[in-house]
Amino acid sequence: MELRVLRYFLAVAREGKITAAAEKLHITQPTLSKQLMELEDELGKKLFDRGKRKITLTEEGLFLQKRAQEIVELADKTERDFRMQDNMVGGDILIGGGETDAMRHVGKTLERLRKQYPNIHFHLYSGNGEDAAEKLDKGLIDFALFVGTTELKKYEYLPLPNVVTWGILMRKDHPLASRPGISPKELEAVPLLCSRQSLIQNELAGWLGHSLENLHIIGTYNLIYNAALLVEEGLGCALAIDGLVNTSGNSRLCFRPLEPQMTAGVVIAWKNHQAFSKAAEKFLEALYQEIAGDSF
């Protein structure tokens, strides 16, 4: 498979029409159709269902779309890294991870770094630990923020000076809102929205003293913002990290920590033996200095 053909395939998948994709790619429609048929022949799979008005992806086409996007993103990232001049520190830094106040350390580092190297740019990808780990393993991001007991054997990492506290996000008129903390027994009766990542970790089960099956989990979420809106509408409560949702002033929500307290550390990780771009290398140096409290 050629990278060029994968770009053609992605364009058709986005546009849903050969004609529209050909116009965007600045090639003729017959040429594009021929390239797609050759790609299907090469893979031995039908990638498109060709309707009268629109082309849709088959199951095999959807699989290739995800894989092709990863390949193209990695190729583009590599090209950008090589394009920077030898005497110029610049380029892209790609960072993934979940929502945590530890991102402030990243922000402070980037702000100071860009003052010294204005040709450095950064791109953030929000997602849970599984999402970040997948992108990191495939080389699609340079660094990932992990909260809790993520398996770190295949990574190098820097612990950040943050400890997150788990608790329950609820409406201020909830019966448990008057409690200073939420016990395992109290949690069992609560209709709960739970982070998909936390469902596969052992911390919550260890805190409960039994399996998660005893909890009344009505749904899962990836990032807290949309889950908070559902809580605000009275759908249930959300297991969450403190400090991510505004609960002050006129907010209808409040946060109550788990009792006994359940906390987790935060690390920023990168692949073992990672070959960094100059921009990523400078970022890591600067982050070490930020954590140590030094200037640069």
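Hi everyone, thanks for coming. Please keep in mind throughout that we are looking at a predicted model.

Let's start on the inside. Which residues have the most contacts within the largest nonpolar core? They are Leu-204 and Phe-283, in a core of 46 residues. If you click on Phe-283 and set aside residues up to four places away in sequence, you will find it touching Ile-93, Ile-95, Val-106, Thr-109, Leu-110, Leu-113, Phe-143 and Ile-268. Apart from that core lies another one, made of 20 residues, and Leu-10, Leu-32, Phe-48 and Leu-64 are among them.

You can find Ser-195 in strand 7, which covers residues 192–195. Is Ser-195 buried or exposed? Its relative accessibility is 7%, and since the cut-off for buried is under 20%, Ser-195 counts as buried. Leaving out residues up to four places away in sequence, Ser-195 touches Tyr-221 and Leu-239.

Now for the charges. As a reminder, side chains of opposite charge can pair when their charged atoms come close. Searching the whole structure turns up 19 salt bridges, and I'd like to walk you through a few.

One of them joins the side chains of Arg-7 and Asp-76, at 2.6 Å from N to O. Arg-7 sits in helix 1 (residues 3–15) and Asp-76 in helix 4 (residues 59–83), so this pair ties together parts that are 69 residues apart in sequence. Both partners are partly exposed: Arg-7 has a relative accessible area of 29%, and Asp-76 comes in at 24% relative accessibility.

Here is a more local case. The side chains of Lys-34 and Glu-38 meet in a salt bridge at 2.5 Å, again N to O. Where do these two lie? Both are in helix 3 (residues 29–43), four residues apart, which is about one turn of the helix. Lys-34 is partly exposed, with a relative accessible area of 47%, and Glu-38 is partly exposed too, at 36%.

Arg-179 forms a salt bridge with Glu-186, and their closest N and O atoms are 2.8 Å apart. Arg-179 counts as partly exposed, at 32% relative accessibility.

How values were computed: Residues are numbered from 1 along each chain as its sequence is written. This is a predicted model: local features need pLDDT of at least 70, side-chain atom pairs count only at pLDDT 80 or more; totals for chains, interfaces and linings use all residues. Side-chain values use heavy atoms; hydrogens and water are left out. A nonpolar core is a set of buried Ala, Val, Leu, Ile, Met, Phe, Trp, Tyr and Cys residues joined through side-chain atoms within 4.5 Å. Buried means under 20% relative accessible area, exposed over 50%, partly exposed in between (1.4 Å probe, protein chains only). Contact means heavy atoms within 4.5 Å. Helices (H or I, at least four residues) and strands (E, at least two) are DSSP runs, numbered from the N terminus. A salt bridge is a side-chain nitrogen of Lys or Arg within 4 Å of a carboxyl oxygen of Asp or Glu.
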